[in-house]
Amino acid sequence: MAAVFRCKLVSRGLSRLAAPRVPAASRIIASRSLASTGIPTDEEQSTGLERKALQAMKKGKDPYSIFKPKEYAGTKEDPHVVPSITDKRLVGCICEEDNTAIVWFWLHSGNPQRCPSCGSHYKLEHHELPH
């Protein structure tokens, strides 16, 4: 019984030593209001590779082949451009729109080359890695 009485006295004493309570109306709450600064844009909150890609796109570059490739006629004057980081690349040509077979052939740097089946022209262009 005496131990319980001592605990009550100690807890009352500690509660009196604690900081006095401030009424809720007088408290100032610091928070970021979206009305004053607005929602951050993609450029403001992007980091790492996403930021590099956004900066490159602003300059008109496509470092990670995100954009749809440009369509070419496939003629000798306007061949399909195939990017590559080496001197050769394996290319698959679907010669007809409803064809289920793919014609595979090696494309080497230099002059445009023809598909052995349909005759479409392809040209290999050197492509640098973005990083």
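The legends below go with several close-up views of a predicted model.

**View 1**
The protein chain contains 4 helices and 5 strands. Of the chain's 131 residues, 14% count as buried. Among contacts between residues at least 6 apart in sequence, 34% join residues at least 24 apart.

**View 1. An open sheet of 3 strands.**
In which order do the strands of the open sheet lie? The order is S1-S5-S4, and the pairing is mixed. Strand S1 (80-84) and strand S4 (113-114) are the edge strands, each pairing on one side only. As a reminder, strands of a sheet pair through backbone hydrogen bonds, either parallel or antiparallel. Here S1 and strand S5 (residues 121-126) pair in the parallel sense, over 5 bridges. To see one of these pairings, look for Val-81, whose bridge partner in S5 is Lys-123. On the other pairing, S4 and S5 run antiparallel and are joined by 2 bridges. There you can find Arg-114 standing opposite His-121 in S5.

**View 2. The hairpin and its loop.**
S4 and S5 form a hairpin with 6 residues between them. In the turn, Gly-119 has a positive phi of about 90°. Ser-120 also belongs to the loop between S4 and S5. Which residues does Ser-120 contact, leaving aside its neighbours within four places in sequence? They are Gly-74, His-80, Gln-113, Arg-114 and Cys-115. Ser-120 and Lys-76 are 44 residues apart along the chain, with their C-alpha atoms separated by 8.1 Å.

How many salt bridges does a search of the whole structure find? The search finds 1. In this view, Lys-58 forms a salt bridge with Glu-43, and the closest N and O atoms are 3.7 Å apart. Lys-58 lies in helix H4 (residues 48-58) and Glu-43 in helix H3 (residues 42-45), so the pair ties together parts that are 15 residues apart in sequence. Are these two residues buried or exposed? Lys-58 counts as exposed because its relative accessibility is 63%, over the 50% cut-off.

**View 3. Three lysines named in a record.**
This view picks out residues from a database entry. An unreviewed UniProt entry places the feature "modified residue: N6-acetyllysine" at Lys-70, Lys-88 and Lys-123. Of these residues, Lys-70 is included in the lining of the largest pocket. Lys-88 is found in strand S2 (residues 88-93), and with a relative accessible area of 42% Lys-88 is partly exposed. Setting aside neighbours within four places in sequence, Lys-88 is in contact with Trp-106, Leu-107, His-108 and Leu-124. Lys-123 sits in strand S5 and is partly exposed, at 31% relative accessible area. Again leaving aside neighbours within four places, the contacts of Lys-123 include Pro-79, His-80 and Val-81. Val-82, Leu-107, Gly-110 and Pro-112 are also among the contacts of Lys-123.

**View 4. The largest nonpolar core.**
Now turn to the side chains gathered in the core. Which residues make up the largest nonpolar core? It has 8 residues: Val-82, Val-91, Cys-93, Phe-105, Leu-107, Cys-115, Tyr-122 and Leu-124. S2, strand S3 (103-108) and S5 each supply at least two residues of this core. Not counting residues up to four places away in sequence, Leu-124 touches several residues, including the core members Val-82 and Leu-107. Among the other residues that Leu-124 touches are Ser-84, Thr-86, Asp-87, Lys-88 and Arg-89. His-108 and Ser-109 are also touched by Leu-124.

Technical notes:
Residues are numbered from 1 along each chain as its sequence is written. This is a predicted model: local features need pLDDT of at least 70, side-chain atom pairs count only at pLDDT 80 or more; totals for chains, interfaces and linings use all residues. Side-chain values use heavy atoms; hydrogens and water are left out. Two strands pair if DSSP finds at least two bridges between them. Contact means heavy atoms within 4.5 Å. A salt bridge is a side-chain nitrogen of Lys or Arg within 4 Å of a carboxyl oxygen of Asp or Glu. Buried means under 20% relative accessible area, exposed over 50%, partly exposed in between (1.4 Å probe, protein chains only). UniProt positions are given in the numbering used here, feature names are shortened, and annotations may be inferred rather than shown by experiment. On a 1 Å grid over the protein atoms alone, a cavity is a set of points where a 1.4 Å probe fits but cannot get out, and a pocket is an open set with protein on both sides within 12 Å along at least five of seven lines; lining residues have an atom within 4 Å of a point. A nonpolar core is a set of buried Ala, Val, Leu, Ile, Met, Phe, Trp, Tyr and Cys residues joined through side-chain atoms within 4.5 Å.
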